[in-house]
Amino acid sequence: MDINMLWNIFFMFGGVAAMMIGMKTMGGALEQVAGGGMKKMLGKVTSNRFAGVGVGIAVTSIIQSSTATTVMLVGFVNIGLMTLGQATNVIMGANIGTTVTAHIVSLSGVGEIDIGAIAAMIGCVGILMAMLIKNEKVVNIGNILAGLGLIFVGLEFISTYAKKIMFIDGSTPFPWVQAIFQGDHFPLLLILIGIVLTALVHSSSTITSLMVVLASIGVLPFNNALFLALGSNIGTCITSIMSSAGTHVNAKRTAIVHLLFNTFGCLLFIAPLWIWKDQITSFFASMSSDVGQQIAIFHTLFNIATTLILLPFTNLVVKLACALVKDKKAPVDERFKFQFIDERLLSTPPIAAGNTKKEIVRMAELAKSNINGAIDMLLDNDLNVEPSIRSNEEVINSLNKDITKYLTKLMGKDLSDEDDKKVSSYFRVVSDVERVGDYAENVLEYALKLREEGLVMSEEAKVELKDLTAKINTLYDYSITAFDDRNVDILDKVNEIEDQIDDDSAKLEEYHIDRVKKGLCNAQVGSIYLQTVSNLERVGDHITNIALSIKRYRERKA
């Protein structure tokens, strides 16, 4: 091989890398800008099919990847935030949204103005904005522009060096180019090539963009590009299928729905595109003189048509996915698994951060249940609650470790300043919740000790502990509401109740000492009573810390 040809190949693949990095940079920055909007859109997805399709189009247009959207949906279905039917509608919209990238790429060949050069300059401006201005919104906008510029720089490299690699004299293609790209191939072969290439790079947007470039420089004819596009739609499903490994059955079905939908769309159009390929080529030629733009338009219209045809049959597609992926026996205790977060959500940090808060609230509710159960066991000698408390404590300890690991991974992602501060505050909140669970376990041990030694608390002591526990529950409710809603207005009430608990704890110790002096209290019972009061007072401290975490977060933000 001629050494110059080798350098040309290196430059061309460097262009591919630059384009893919540009897509990722632009998509990531768009995601940061629209993170809150994405959460609201996905949160409002209902059984309305058209709303689901619209959300799929919008979200995928933002993150520039139907694969990423589907992987995210697999995560949502896996943790029960979305039904399989809702996810199916969003998947249909995602296939339309992913075609936006090809339209952006096709702009480089339009008109006499060199849009690629303008975009490259805009990218340079974006880099300067991101480097010189520290405002987060400006940085994100700068990264969007930088990503856009990098896409067009990559395209320029691909176009320039692809011509040198694939043409003998700048106009006559090499025989191998004619054989691979320009031959009158059977459509199934082209579809297979599209599947394999897309599966290798995990991005139909990248393959479609490369098709647009190759078509624009005269390498890839439109009638062959049609079938490569069909194949790329199927190949993009491979990543979501791989992502569904180890998930719940409905998450696996979500990935299969994506595959079924794209495969059915491909099968529907193979014959018409092959039989009337000349007429179809003429039709799209009448819409634009640029072959790259023709491919982008075809890709969009194909996905819109497939969605309109298959949308009425969503339930049938879901039923087929359910038939292909059978139900399995559920694990013994699902509580040990995340219910609101999933590894796949890490690809969309704003959503992962919001859902982590929900997982922490679930953990806090388990700890609250344990405190109340342990007090009931202590005061009423109800041993029936012991297995539940033990089980909950195991779940709390497991969630403590797993959520902390998840937060560590999330901190390594590209978070906005606001989400970064929230996630940082969550580490301490998780620790506080875990400590509440530990104190509940302490009270459980006190209850068992009373029973083993045949001891009973006085009615007066029971009433005092019940009153203190009632205030702990009130404090718990206010604190969790403050944390969950990020409501600083509740903090004054939290501090007021926490002060009351501290005062009551001190008074109860005095009352106990007075009973001991009068000989009204057994020393062993009194010791357990005092330790219980002390544990409840410390529970109040940790609960208050949970609420005050939002104040510390706001102070850091300021």
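**Exercise 1. Charge over a ring**

Task: In this predicted model, find which ring the charged end of Arg 435 sits over.

Solution. Start at the charged end of Arg 435. It sits over the ring of Tyr 439. The distance to the ring centre is 4.9 Å. The cut-off for a charge over a ring is 6 Å from the ring centre, so the distance qualifies.

Now take Lys 277. What is its distance from the ring centre of Trp 274? Lys 277 lies over the face of Trp 274, and the value is 3.9 Å.

**Exercise 2. Aromatic pairs**

Task: Count the aromatic pairs in the whole structure, then classify the pair Phe 283 and Phe 284.

Solution. Step one: the search of the whole structure gives 13 aromatic pairs. Step two: the ring centres of Phe 283 and Phe 284 are 5.2 Å apart. Step three: their planes stand at 80 degrees, so the pair is edge-to-face. Planes over 60 degrees apart count as edge-to-face.

Step four: follow Phe 284 onward. Phe 284 also pairs with Phe 298, edge-to-face. Here the centres are 5.8 Å apart, with 80 degrees between the planes. Phe 284 belongs to helix 15 (residues 277-287), and Phe 298 to helix 16 (residues 291-310). The two residues are 14 apart, and their pair links distant parts of the chain.

Step five: list the cluster. Ring pairs join Phe 222, Phe 269, Phe 283, Phe 284, Phe 298 and Phe 302.

**Exercise 3. Buried or partly exposed?**

Task: Sort Phe 283, Phe 284 and Phe 298 by accessibility class.

Solution. Buried means under 20% relative accessible area; exposed means over 50%. Phe 283 has 47%, so it is partly exposed. Phe 284 has 6%, so it is buried. Phe 298 has 5%, so it is buried too.

**Exercise 4. A positive phi**

Task: Where does Arg 486 lie, and what is its phi?

Solution. Arg 486 lies in the loop between helix 21 (459-485) and helix 22 (491-517). Its phi is positive, about 55 degrees, although Arg 486 is not a glycine. Next, accessibility. The value is 12%, so Arg 486 counts as buried.

Note on methods:
Residues are numbered from 1 along each chain as its sequence is written. This is a predicted model: local features need pLDDT of at least 70, side-chain atom pairs count only at pLDDT 80 or more; totals for chains, interfaces and linings use all residues. Side-chain values use heavy atoms; hydrogens and water are left out. Helices (H or I, at least four residues) and strands (E, at least two) are DSSP runs, numbered from the N terminus. Buried means under 20% relative accessible area, exposed over 50%, partly exposed in between (1.4 Å probe, protein chains only). Rings of Phe, Tyr and Trp (its six-membered ring) pair if their centres lie within 6.5 Å; planes under 30 degrees apart count as stacked, over 60 as edge-to-face and the rest as tilted. A charge sits over a ring if NZ of Lys or CZ of Arg is within 6 Å of the ring centre and within 35 degrees of the ring normal.
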